[in-house]
Every structure is written in C-alpha cells, then in structure tokens.
Amino acid sequence: MGEKLLEGKRGVVFGVANSMSLAWGITERIVEAGGKVALTYLNDALEKRVRPLADSIGAELLLPCDVGRDLEIEAVFAALERSWGKIDFVVHSVAFAHRDDLRRPFSQTGRAGFALAMDISVYSLIAISRCAAPLMSEGGAILTLSYLGARRAVPGYNVMGVAKAALESAVRYLAAELGEKGIRVNALSSGPVKTLAASAVANFQRKLRAMDGLAPLRRTVSQEEVGKAALYLLSDLSSGVTGEVHFVDAGFNVVVPA
Ligand code: NAD
C-alpha cells in the first residue's frame, strides 16, 4: 500500500495515547509510506504506553507536550528544528472536554469547561501551526481530526461539536494564511471509532451500532481506514487540496436516516 508516498518526509504526530488512538493508525500508515515520525505524549502516565509504540517504529524523537501550554509546544518544535532542521507534516489528533460536560444537557455546559474544550481542541491547532510553519521551509501539510458533530447536533456530542465547528473554521483561516508558503491545512472528519476519547461520549457503543446499519457501506470505519485517508491528505496525492474537511465515515454524512 502507499508506494512510499512519504519517502524522505519527516513530521510530528500529536495525540497518540495508546494503540487504539486514531493518531497511531495514522502514524502506522505514515511509516509504511516511508515517512519518519516524531511522537508526543501528554503526561508520564501516557508515556508508559506511547514509548513502546515509538520504539516499535524506531521513532527518533518522543517528546512530552501538554498542548494547553505554549512553552511545551514551542519546546517540541525547537527539538524538531535541532534534530531535523525542517519538517514536512504535522498531525493534530487531540481533543478534550470534561466528561460531565458531555453527559449534561448542552445548555448546562459550564463556562470553564467550554473554555477548556476550545483551548485544548481548537486553540492548540493554531499554536501548533504557528510553530510548525517556520520549519516547513519547503511547504508542508497540517492535518487535524474532526467529526460530523461539527455540522449536525449529534446527541451527546455537545460542547465538542461546537469545538469541532470552530476547529473546521480554524482550518480554513490557517489554510488561507499559510497557502502562500506552500503549507496545506486540512481536517479529516472520521466516523466513530472505539478509542479512549470516544468513550467519554455518552452511549458511544450504541451510536457505533446504529452507524453499522445506516452508513452507505453498512459498517463503521476502522482505525486503519482513517490512517489511509490521512495519508492522502499528508502526501503529494492531495497537493491541490487545502482548507478542506474530508470525510472518512463510510458515507454516513450523506445519508438521511429513515
Ligand atoms: P484518543 O484518546 O486516543 O486521542 C486523544 C488524544 O488527545 C490523546 O492522545 C490525549 O492524550 C490527547 N490529549 C488530550 N488532552 C491533551 C492535552 N492537553 N495536551 C496534549 N494532548 C492531549 O482518541 P481519538 O479518538 O484517537 O481522538 C483523536 C482525535 O480524533 C480527536 O480530535 C477526536 O476528537 C477525533 N475524532 C475521534 C473520533 C472517534 O470516534 N474516535 C471520531 C472523529 C474525530
């Protein structure tokens, strides 16, 4: 698969928590395609899970990064500059909202919880892009992960839906600004996949099963399929594509439920 689409390319993936993470599915496809990946992890507890994964792909760099902290983001890109000089791609596969804010009625979303969800899930893409752009001296691709809840009111997705709507808008503004540098910015809108983050959404398993029957492909997508779609958006195959939200959801977004 992938005829070495990313041979000679290097970049960083934010958002691997464990082997179920969409970021890990994306990392595996990048490595298969000949790309070199630096990984980040949120905290010491997750480092224990991420380090063996990083070792399994021979990652040259494994760095701590809480994307709520500008200094930690800056430190990641300073390390990338020291080691590699330039980079070609960034994957932002990070989101957070308080579980309580996903369980309560939407109008009960707290002010602090709203700000936190926007900070970690949206502002972080802006901060990361700001640091990445100077290292993308030969152009590059920045990719984030979204969900249909950005465009429709999906029960239980709540504040995260508002955050994803803002994220998709940020993708357009970043694409507009960075296009002249040959930097493309896109979002991949994935169908539901069982991960740590997804377990925070109420009745996630039920939603997964409902998807099976309603999606045109009569199933959900796999972590591997999300990775393959990411490979398209990160590689030269999508050289003319920027500011887009690309769906990989077995076609669910095009169906009107009966
Ligand atoms: P995941 O839990 O494996 O990944 C979420 C990641 O965010 C974790 O690695 C976590 O450590 C990281 N994170 C949270 N707060 C952070 C912080 N302050 N600093 C740095 N990292 C932080 O779950 P996932 O489903 O792979 O989620 C990845 C992305 O995909 C998210 O943006 C999510 O909204 C999106 N997405 C997921 C699905 C799904 O069904 N799983 C569907 C559509 C979109």
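Predicted model: local features only at pLDDT ≥ 70, side-chain atom pairs only at ≥ 80, totals over all residues.
Ground rules: local features need pLDDT of at least 70 and side-chain atom pairs count only at pLDDT 80 or more, while totals for chains, interfaces and linings use all residues. Residues are numbered from 1 along each chain as its sequence is written, and side-chain values use heavy atoms, without hydrogens and water.

Entry 1, helices. I looked up H3 (residues 70-84) and H5 (residues 111-132), which pack at about 35 degrees with axes 10 Å apart. Helices here are DSSP runs of H or I with at least four residues, numbered from the N terminus. The axes are lines fitted to C-alpha atoms over the stretch in contact, with angles from 0 to 180 degrees between N-to-C directions. I listed the contacts (heavy atoms within 4.5 Å): Asp70, Ile73, Glu74 and Phe77 of H3 meet Tyr123, Ala127, Ile128, Arg130, Cys131 and Ala132 of H5.

I found 28 residues around the ligand, with Ser21, Leu22, Val67, Val193 and Thr195 nearest; a residue is near if one of its heavy atoms lies within 4 Å. I then checked individual atoms. A side-chain N or O atom of Ser21 is 2.6 Å from a ligand oxygen, and a polar side-chain atom of Thr195 is 2.5 Å from a ligand oxygen. For Val67, a backbone N or O atom lies 2.8 Å from a ligand nitrogen.

Notes:
Helix = DSSP H or I, 4+ residues; strand = E, 2+ residues; numbered from the N terminus. Polar contact = N/O pair within 3.5 Å; in protein donor to acceptor, adjacent residues only side chain to side chain.
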